[in-house]
Amino acid sequence: MSRQNDRNRGRKKADDTIMNDAIRASELRVLTDDGEQFGIISRDEALKIAEEKGLDLVLVSPQAKPPVAKIMDYGKHKYQQEKKKKEARKNQKKIEVKEVKFSCKIAENDIAYKVKHAREFLEKGKHVKLRVFLRGREMANPEWGVEVLNRVWPMLEDIAQLESPPKQEGRYINMYVTPLKK
């Protein structure tokens with residue numbers, strides 16, 4: 001019997017995998033990793049077969065009638081699952097959102113300067129969140145912030161698409177733009 005089997009004998013795994021002596025069903029439908037089927041046999045017989053092969057008996061489908069168990073190297077199986085998860089995470093594309101802030105009383109040249117930065121972000125493929133912060137009395141007139149963003153949008157529309165139009169969220173008027181699909 002392998003050391004792996006000694007450690008896992010009769011224990012329920014942290015991920016709720018039921019294996020070896022922790023299996024309570026008296027009869028199981030047993031198969032192996034390579035597709036060999038033993039049919040419906042007693043739990044003790046299945047454990048004996050797994051022990052002879054130096055592998056674990058893992059309950060795969062406990063709700064089935066009779067429950068389905070697989071004879072496999074559980075450590076190797078767990079390693080391959082983790083490897084697949086890691087590969088899937090590596091292939092995900094992380095979207096980076098950059099933020100450009102404006103105020104209601106911003107001058108035209110300041111708008112042009114901030115739009116230049118937003119254009120650089122969009123050219124690099126990043127999403128951009130344009131925000132106007134409302135101070136004091138400006139909260140009573142949120143349309144001023146919408147007006148600022150409406151002046152900004154024509155400067156970006158050649159390289160960006162509007163993800164969400166200007167809308168108020170607390171003290172901010174937000175607008176999201178994303179780079180155009182190539």
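**Confidence**

Begin by colouring the whole chain by pLDDT. The mean over the chain is 85, and 91% of the residues reach 70 or more. Select residues 3-8, which form helix α1; confidence in the chain is lowest here, at a mean of 48. Where pLDDT is low, the predicted coordinates should not be read in detail. Then select strand β6, residues 127-133, where confidence is highest, at a mean of 94.

**The two domains**

Colour residues 20-86 and residues 97-179 separately; the domain assignment gives these as domain 1 and domain 2. The C-alpha centres of domain 1 and domain 2 lie 58 Å apart.

**Residues 19-88**

Select residues 19-88 next. In an unreviewed entry, UniProt places the feature "domain: Translation initiation factor 3 N-terminal" at these positions. The span is 37% helix and 33% strand, and its end C-alpha atoms are 27 Å apart.

Within this span, display strand β1 (residues 27-32) together with strand β2 (residues 37-42). The two strands pair in the antiparallel sense, over five bridges. Val30 is found opposite Gly39 of β2. Four residues separate β1 from β2 in this hairpin, and Gly35 in the turn has a positive phi of about 95°.

Move on to the loop between β3 (56-61) and β4 (68-72), where Pro66 is found. Show the backbone of Lys65 and Pro66: the peptide bond from Lys65 to Pro66 is cis, with omega near -15°.

**Residues 95-179**

Now select residues 95-179. UniProt lists this range, again in an unreviewed entry, as "domain: Translation initiation factor 3 C-terminal".

Display strand β7 (residues 160-169) and strand β8 (residues 172-179), which run antiparallel and are joined by seven bridges. Leu162 stands opposite Val177 in β8. β7 and β8 also form a hairpin, with two residues between the strands. Select Gly170 in its turn to inspect a positive phi of about 70°.

**The largest pocket**

Which residues lie nearest the centre of the pocket? Select Lys93, Gly125, Lys126, His127 and Pro179, which hold that position among the 18 residues of the lining. Finally, colour the lining by residue class: five residues are nonpolar, four are polar and nine are charged.

Terms used. Residues numbered from 1 in each chain as written. Predicted model: local features only at pLDDT ≥ 70, side-chain atom pairs only at ≥ 80, totals over all residues. Heavy atoms only, no water. Pairing = 2+ DSSP bridges. 1 Å grid on protein atoms, 1.4 Å probe; cavity = no way out; pocket = protein on both sides within 12 Å on 5 of 7 lines; lining within 4 Å. Nonpolar A, V, L, I, M, F, W, Y, C, P; charged D, E, K, R; others polar. UniProt positions renumbered as here; feature names shortened; annotations may be inferred. pLDDT = per-residue confidence, 0-100. Domains from an automatic or database assignment.
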